[in-house]
Amino acid sequence: MFRRRTQTSAEDSPVPVEDPKPHGTPGKGRPTPKRSEAQGRRRSPVTAPANRKEAYRLARERDKALRVKQREAMLRGDERALPARDRGPVRKFARDWVDSRRLPGQYFLPVVFVIMLLSMVPFPIPVRSAVLTVYTLSLPIVMVLVLASSFYVASKVKKQAAAKFPGEDLKGVGFYAAMRSSQMRRLRFPKPTVLPGGIPVALKDTAGAKK
């Protein structure tokens, strides 16, 4: 009995097993990193704000940088950054139509501003009376010209947009173009991408840079 048990235990003793990998397979040449080390390498160092005031300051800086980027994108006319009222090919067509022409409405504010300045200058009484007369008569005339120009722009843009973009939503495009035509060119938003005459602004900037 003791002899048979001794033989069985001898057979069950661990025997060194040969490596199943072929001898010709080269190793990695370096030990496998631990999981904690690998996770530590993937984590980027993050510096937490020291206090609440520092956290508010960092948040304000992030918000300011984001607003600057959004404003730059809007000024470039990037569709993704524009408000809903300025998006779409129809609104882009209306803007380019207005910006490629010199219309009476864009001179309304400068003319009114100049007339108001002249009315406040202490001229001699006869000259002052003449200036006030011109101011009183010219203001209604300028307003009538602006209104007539706005109606013309609205009807023209809506008609051409309907022919160019069949099936598109043209709601409000005439009023959109009329309002843009009554603004000074420098104050228009988004910025004009074409010059009077239809020349793209980018071509002019490129030509100026070459000179």
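Buried, as the word is used in these legends, means under 20% relative accessible area. The model shown is predicted.

**Figure 1. Gly174, a buried glycine of helix 7.**
Gly174 has its place in helix 7, and because its relative accessibility is 7%, under the 20% limit, Gly174 counts as buried. The C-alpha atoms of Gly174 and Val153 are separated by 7.1 Å, although the two residues stand 21 residues apart along the chain.

**Figure 2. Helix 7 and what covers it.**
Seven of the nine residues of helix 7 are buried, so this helix is largely enclosed by the rest of the structure. Besides Gly174, the buried residues of helix 7 include Val173, Tyr176, Ala177 and Ala178, together with Arg180 and Ser181. The cover over the buried residues of helix 7 includes helix 4 and helix 6.

**Figure 3. The largest nonpolar core, viewed around Val153.**
The largest nonpolar core holds 14 residues, and within it Val153 and Val157 touch the most other members. Helix 4, helix 6 and helix 7 each supply at least two residues of this core, and helix 4 gives the most to it, with five residues. When neighbours within four places in sequence are left aside, Val153 is in contact with Trp97, Val98 and Leu103, and also with Ala177, Ala178 and Ser181.

**Figure 4. The aromatic pair of Phe93 and Phe165.**
A search of the whole structure finds one aromatic pair. The ring centres of Phe93 and Phe165 are 5.9 Å apart and the ring planes stand at 70 degrees, so the pair is edge-to-face, given that an angle over 60 degrees is counted in that class. Phe93 lies in helix 4 (residues 89-99), whereas Phe165 lies in the loop between helix 6 (125-164) and helix 7 (173-181), so the pair ties together parts that are 72 residues apart in sequence. Phe93 and Phe165 are both buried.

**Figure 5. Two arginines placed over aromatic rings.**
In one part of this view, Arg91 lies over the face of Tyr176, at 4.8 Å from the ring centre; Tyr176 is itself one of the buried residues of helix 7. In the other part, the charged end of Arg101 sits over the ring of Trp97, 3.9 Å from the centre of that ring. Trp97 is also among the residues in contact with Val153, once neighbours within four places in sequence are left aside.

Ser138 is found in helix 6, and with a relative accessible area of 15% Ser138 is buried. The side chain of Ser138 reaches the backbone oxygen of Val134 at 2.6 Å. Ser150 is likewise found in helix 6, and at 16% relative accessibility Ser150 counts as buried. Not counting residues up to four places away in sequence, Ser150 touches Ala178 and Ser181, both of which are listed among the buried residues of helix 7.

**Figure 6. The cis peptide bond at Pro190.**
Phe189 and Pro190 are joined by a cis peptide bond, for which omega is about -5 degrees. Pro190 is found in the loop between helix 7 and helix 8 (201-210).

**Figure 7. The annotated transmembrane regions.**
The unreviewed UniProt entry carries the annotation "transmembrane region" for residues 107-125 and 131-154. Over residues 107-125 the chain of the model is 74% helix and 0% strand, and the C-alpha atoms at the ends of this stretch are 29 Å apart. Over residues 131-154 the chain is 100% helix and 0% strand, with the end C-alpha atoms 34 Å apart.

**Figure 8. The whole chain, as context for the close-ups.**
Of the 211 residues in the chain, 21% are buried. Among contacts in the chain with a separation of 6 or more, 63% are between residues 24 or more positions apart.

Technical notes. Residues numbered from 1 in each chain as written. Predicted model: local features only at pLDDT ≥ 70, side-chain atom pairs only at ≥ 80, totals over all residues. Heavy atoms only, no water. UniProt positions renumbered as here; feature names shortened; annotations may be inferred. Helix = DSSP H or I, 4+ residues; strand = E, 2+ residues; numbered from the N terminus. Phe/Tyr/Trp six-rings, centres within 6.5 Å; stacked < 30°, edge-to-face > 60°. Buried < 20%, exposed > 50% of the residue type's maximum accessible area, 1.4 Å probe, protein only. Lys NZ or Arg CZ within 6 Å of the ring centre and 35° of its normal. Polar contact = N/O pair within 3.5 Å; in protein donor to acceptor, adjacent residues only side chain to side chain. Contact = heavy atoms within 4.5 Å. Core = buried A, V, L, I, M, F, W, Y, C linked by side-chain atoms within 4.5 Å.
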